[in-house]
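Take a look at the structure below. This report walks through how some of its parts meet.

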Amino acid sequence: MGRMPLNDMPWWRWRSNVRSALHMLSDPQFQQECWLAGRTEYGDVTDAVYRLVEDTWLDNWSAEKYVGTIFRDSQEASLVDVAVLRVLRIMHQVGPDAQVAAYMNHHGWPEAVRAARDAHVRLATSDGDDPDQPPRSLEVLEIMTRSA
């Protein structure tokens, strides 16, 4: 998978962070092999949630607000909203500092993963990327989003 061709979006760095978070939240195999295994180069589930909402404030308002800046269309925004709501509901129930297993064992986790997968596939496909490639490390994400 090549460099994400999303710098045509005005706030493409924010899009990169949202995509990274959705990618990790949508991949159960990644979660087992990286998060549960304690691999630090990807951050943890709390880091992913933070990347999903940190700059965008998607925990306070709809992704629809960002159509044309972060999201290409209302369908992307709608799918992101569903994923954010499902993930945040779990985060609020188990706590932001809970162990990864607490998230993954939550009864709502499979649905949150499916919602993140739907959003991830839509955004990746819209950017011309293969949604089935493994997530990138935080170091690679940082290199990709540095100011040119």
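## Helix 1 against helix 6

Helix 1 and helix 6 cross in a left-handed way. Left-handed means that the near helix is turned anticlockwise from the far one by less than a right angle; clockwise would be right-handed. The two helices pack at an angle of about 135 degrees, and their axes lie 8 Å apart. That angle makes helix 1 oblique to helix 6. Angles under 35 degrees count as roughly parallel, over 145 as roughly antiparallel, 65 to 115 as roughly perpendicular, and the rest as oblique. Axes here are lines fitted to C-alpha atoms, for helices over the stretch in contact, with angles from 0 to 180 degrees between N-to-C directions.

Which residues make the contact? Helix 1 supplies Arg15, Val18, Arg19, Leu22, His23 and Leu25. From helix 6 come Trp109, Val113, Ala116, Ala119, His120, Leu123, Ala124 and Ser126. Contact means heavy atoms within 4.5 Å. Helices (H or I, at least four residues) and strands (E, at least two) are DSSP runs, numbered from the N terminus.

## About the model

This is a predicted model: local features need pLDDT of at least 70, side-chain atom pairs count only at pLDDT 80 or more, and totals for chains, interfaces and linings use all residues. Residues are numbered from 1 along each chain as its sequence is written, and side-chain values use heavy atoms, with hydrogens and water left out.

## Valine 18

Valine 18 lies in helix 1. Is valine 18 buried or exposed? Valine 18 is buried, at a relative accessible area of 0%. Buried means under 20% relative accessible area, exposed over 50%, and partly exposed in between (1.4 Å probe, protein chains only).

Leaving out residues up to four places away in sequence, valine 18 touches Arg51, Leu52, Thr56, Phe71 and Leu123. Valine 18 and threonine 56 are 38 residues apart along the chain, and their C-alpha atoms are separated by 8.6 Å.

## Aromatic pairs

The whole structure holds 7 aromatic pairs. Rings of Phe, Tyr and Trp (its six-membered ring) pair if their centres lie within 6.5 Å; planes under 30 degrees apart count as stacked, over 60 as edge-to-face and the rest as tilted. Tryptophan 14 and tyrosine 66 have ring centres 6.4 Å apart and planes at 85 degrees, so this pair is edge-to-face. Tryptophan 14 lies in helix 1 (residues 12-25), while tyrosine 66 lies in the loop between helix 3 (45-53) and helix 4 (74-94), so the pair ties together parts that are 52 residues apart in sequence. Tryptophan 14 is partly exposed at 26%, whereas tyrosine 66 is buried at 5%. Ring pairs link Trp11, Trp14 and Tyr66 into a cluster.

Tyrosine 103 and tryptophan 109 also pair edge-to-face, with centres 6.0 Å apart and planes at 65 degrees. Tyrosine 103 is buried, at 0% relative accessibility. Tryptophan 109 is buried too, at 4%.

Helix 3 and helix 4 pack at about 135 degrees, with axes 11 Å apart. Helix 3 is therefore oblique to helix 4. Their crossing is left-handed. Thr46, Val49, Leu52 and Val53 of helix 3 meet Val84, Val87, Leu88 and Met91 of helix 4.

Tryptophan 57 sits in the loop between these helices. Most residues other than glycine have a negative phi. Tryptophan 57 has a positive phi of about 60 degrees, although it is not a glycine. Tryptophan 57 is partly exposed, with a relative accessible area of 45%.
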